[in-house]
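Please open the structure in your viewer and keep the selection tool at hand.

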Amino acid sequence: QSGHWANCRDPDVFNMGDSLFALNTVSTRSGRGAIDLASSIDGVSWHAEAPLFVNNADSVLESVQLVPHAGNWFLFFGEQNLLGVSVMRSANWRGPWDKSGRWVMAMGQAAEFFGDRPGALISRHEGYDVVDQTRYVMKIDSMRWDPAGNPYISHQDSSLWEDWSPLRLDDPDPGFRETGAEIFQTDSAFAWQPTFGENPEVRGELVQVGAFGNSWIGTKEKFRGPLTGTTAGETVGDCAMGGIRSRDFVVTGNAISLLVGGGNDPEHLYVALCDAVTHEVLYKEAGDGSEALKLHVWQIDSLSGRLVYLKIIDASPTGHINVDEIVESRQEVAAAGALGPAGLIAAFPNPFSGRVMLSLGVERSTRLTIDVYSVAGKFVERLFRGRAEQGNLRVPWAGLDRRGRRIPAGVYFVRVEAGGVVRSLKLIKLN
């Protein structure tokens with residue numbers, strides 16, 4: 001119909017027997033949203049069939065996909081003015097599809113399914129407000145099936161809980177997953193973890209936490225990210241307490257790096273590496289009273305082959321702890337102080353595939369330059385040039401050259417010059 005919005009978009013193409021079928025969101029002549037169905041033998045010539053579904057309202061539809069499971073078919077779609085992923089169920093993929101049985105499975109828009117059908121993963125996008133601007137994210141979750149055979153997304157799902165479990169603060173011999181269900185009590189410091197993004201920034205706080213990526217542990221925070229049922233900027237407060245421990249693992253590296261911030265209370269707010277048999281605390285790290293995460297390195301050469309675990313504790317009713325990027329690796333570490341006013345401590349992780357963090361201990365205010373060269377001596381990128389004040393200088397590198405191109409896998413050298421003294425550190429870039 002001339003001058004009418006047709007809404008022909010979001011195709012879903014799938015095989016059924018010897019034929020290809022395509023679903024497409026359209027609008028009828030009367031203006032109702034609908035799902036068009038077409039078939040093809042060769043993928044070139046297509047035959048228009050009767051619409052698969054016509055909406056009972058004028059609302060435009062989007063992002064339609066068919067997913068089979070346990071003898072039934074599920075039709076997923078979005079609907080104009082309804083923020084969420086709708087789903088209908090039928091015993092036949094051609095229907096009939098009854099919108100009266102529709103339910104909203106998840107929040108978000110433009111759902112896509114990945115993996116062998118039935119889809120193992122579902123993605124959606126959504127915007128959320130940070131201070132005075134709107135940001136957009138893509139969220140991916142595991143799609144699960146309940147006993148009745150219907151799809152759902154658990155808001156408790158998180159890769160964090162595959163390798164960490166809660167522990168009781170008064171348990172001297174914590175075991176992995178001994179108290180798994182208790183983590184979701186709303187008064188637990190870990191009930192809403194991991195935290196998403198710079199949540200303190202949303203509240204208007206001036207400090208930048210400096211998380212590595214979008215997710216980190218912040219036991220004061222409550223925001224788990226868009227589409228999780230939590231609100232940006234929310235907190236549970238410092239009164240929430242709790243602890244988590246990792247699975248046991250055998251030490252194979254010579255260093256563990258970690259980022260720690262939050263309260264300066266080593267007795268009640270800390271990250272620890274513990275012996276898995278005796279539960280002895282081998283290494284321990286706490287914040288310094290600042291929200292900002294700071295790099296710490298544990299030299300663990302003497303623990304090679306030992307069975308250990310990590311635990312994160314918030315046993316303070318008046319404080320919290322921030323933790324991120326705990327990495328065990330085999331490092332080439334330069335001695336601190338080797339550059340006079342500045343000593344290269346380490347690069348973590350190393351080897352790296354995406355982003356690497358360089359950490360320098362600056363003994364006194366000095367001008368320094370940090371460059372990256374290829375193993376052939378070719379200049380790659382300048383990471384820092386200027387005055388560095390006393391303290392710990394952290395310099396991230398995203399593995400890009402001076403033209404913003406991603407560098408290939410190989411060996412590279414970081415060259416640090418300070419006070420006329422030069423020292424280098426080898427980096428290994430993986431694919």
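Select Asp-401, which counts as buried because its relative accessibility of 13% is under the 20% limit. Please note that the model is a predicted one. Arg-405 is partly exposed, at a relative accessible area of 46%. Side chains of opposite charge can pair when their charged atoms come close. The structure holds 19 salt bridges.

Next, select Glu-79 and Arg-102, whose side chains form a salt bridge of 2.9 Å, N to O. Arg-102 lies in the loop between strand E8 (82–90) and strand E9 (103–106), while Glu-79 belongs to strand E7 (residues 72–79), so this pair ties together parts that are 23 residues apart in sequence. Glu-79 is buried, with a relative accessible area of 9%, whereas Arg-102 is partly exposed at 23%.

Then select strands E10, E11 and E12. They form an open sheet in the order E10-E11-E12, with antiparallel pairing. Its edge strands, E10 (109–114) and E12 (133–142), each pair on one side only. The twist from one strand to the next averages 25°. E10 and E11 (residues 121–130) pair over 4 bridges; Glu-112 has Ser-123 in E11 as its bridge partner.

Which residue forms a salt bridge with Arg-124? Select Asp-141, where the closest N and O atoms of the pair are 2.8 Å apart. Arg-124 in strand E11 and Asp-141 in strand E12 are 17 residues apart, and both are buried.

Methods:
Residues are numbered from 1 along each chain as its sequence is written. This is a predicted model: local features need pLDDT of at least 70, side-chain atom pairs count only at pLDDT 80 or more; totals for chains, interfaces and linings use all residues. Side-chain values use heavy atoms; hydrogens and water are left out. Two strands pair if DSSP finds at least two bridges between them. Helices (H or I, at least four residues) and strands (E, at least two) are DSSP runs, numbered from the N terminus. Axes are lines fitted to C-alpha atoms, for helices over the stretch in contact, and angles run from 0 to 180 degrees between N-to-C directions. A salt bridge is a side-chain nitrogen of Lys or Arg within 4 Å of a carboxyl oxygen of Asp or Glu. Buried means under 20% relative accessible area, exposed over 50%, partly exposed in between (1.4 Å probe, protein chains only).
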